[in-house]
Amino acid sequence: MLPAVEHAVSSVEPLLRQVSGYPGAYLAPVESALNYSHQLAASLPGPVTISRESYARDPLVHALFPSLDSVTEAICSSRSLQDHLQHAPDSRDLYALMGMRRREKNVVGMQLSGQLVQHDVMQNMIYFISHTIENPATSETEARERVAMKFFDSLVDKVAQRITQRKQERLGVMQEKDLLTARLHNADARSRPELEARLSHTMDSLQASVSTLELERYPEDFKAVLLNPALHLRLDQTAIKLDGMGVRRNDDTQQGKVLVFDDLIGYDRRNWTVTMVRFTDMPHEAYASRLERAYRTLTI
């Protein structure tokens, strides 16, 4: 546990290791966040096999990718996968976390109603963009462990964000103080009392903000986030009935399959639809080769 505490504290403020209470004040929050991160990583769906073959037979894979070629493109454009293969070229089965942005749009299409085909029907299409593949490993266990540590780092980063926000607030108060001081310097007798009152209030606020940035107060930030990790990072499930074209089907009589998507909430500013994936017979292509191929495409 001590290495994890040292990692977390150093990521937020290395000077905390020299403050009274280290490392004891951080043991419980770090242990809580570590356990939660591993539980969250273990609950990720999958692994789903990603290949051109699975695109044809697996409704989930078909829904996740806009086209057959996009399966290969997602693999070849993933820098993390290609870097892994560069160092382990004999790897054939790889496991990783795949995240996507889920999007919806209204389209005009056709719909079968009984024996009749209805044209120009407004439909809701679900599709996914920005496929990102991270934390590849040669086993599912190792991949989930790497993902768990990413989750832990994300929670620690939220501790740092709390402190950064207070620093920014202090800077705003300092700027307000400087502005009021300048105005007070040239104020007349009529406006001076109000400016003095505002400056006094601002000085009180500045003193309060300074006290919250004392290093002895930082363990409170660790406890606020790491003892309540589900408030800051979680998985939400959404069940959607889709047909083979990615159109949402709400009518029980319409063809389609109910698919469950897991959204990772709080990992960054945007939410990701995530799943663990498995790749077989990975197509390795050096980054320089991909760059040369892209250049040829642009110049044709």
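Begin by selecting Tyr-26, which counts as buried because its relative accessibility is 3%, below the 20% under which a residue is called buried. Keep in mind throughout that this is a predicted model.

A search of the whole structure finds 4 aromatic pairs, and Tyr-22 with Tyr-26 is one of them: the ring centres lie 6.0 Å apart and the planes meet at 55°, so the pair is described as tilted. If you now show Phe-222 as well, you have one aromatic cluster on screen, formed by Tyr-22, Tyr-26 and Phe-222.

For another aromatic pair, select Phe-128 and Phe-261, whose rings have their centres 5.2 Å apart and their planes at 45°, so that this pair, too, is tilted. Colouring by secondary structure places Phe-128 in strand E3 (residues 116-137) and Phe-261 in strand E5 (residues 257-265), so the pair ties together parts that are 133 residues apart in sequence.

Now return to Phe-222 and select helix H9, residues 218-226, where the buried residues are Tyr-218, Pro-219, Asp-221, Phe-222, Val-225 and Leu-226. Looking down the axis, you can see why these residues share one side of H9: they cover an arc of only 155° around the axis.

Show H1 and H7 together and you will find them packed at an angle of about 40°, with their axes 9 Å apart, in a crossing that is right-handed. To display the contact itself, select Ala-4, His-7, Ala-8, Ser-11 and Val-12 on H1, and then Phe-152, Asp-153, Val-156, Val-159, Ala-160 and Ile-163 on H7. Colouring this selection by residue class shows 8 nonpolar, 2 polar and 1 charged residues in the contact of H1 with H7.

Terms used. Residues are numbered from 1 along each chain as its sequence is written. This is a predicted model: local features need pLDDT of at least 70, side-chain atom pairs count only at pLDDT 80 or more; totals for chains, interfaces and linings use all residues. Side-chain values use heavy atoms; hydrogens and water are left out. Buried means under 20% relative accessible area, exposed over 50%, partly exposed in between (1.4 Å probe, protein chains only). Helices (H or I, at least four residues) and strands (E, at least two) are DSSP runs, numbered from the N terminus. The arc is that of the directions from the helix axis to the C-beta atoms. Axes are lines fitted to C-alpha atoms, for helices over the stretch in contact, and angles run from 0 to 180 degrees between N-to-C directions. A crossing is left-handed if the near helix is turned anticlockwise from the far one by less than a right angle, and right-handed if clockwise. Contact means heavy atoms within 4.5 Å. Ala, Val, Leu, Ile, Met, Phe, Trp, Tyr, Cys and Pro count as nonpolar, Asp, Glu, Lys and Arg as charged, and the others, Gly among them, as polar. Rings of Phe, Tyr and Trp (its six-membered ring) pair if their centres lie within 6.5 Å; planes under 30 degrees apart count as stacked, over 60 as edge-to-face and the rest as tilted.
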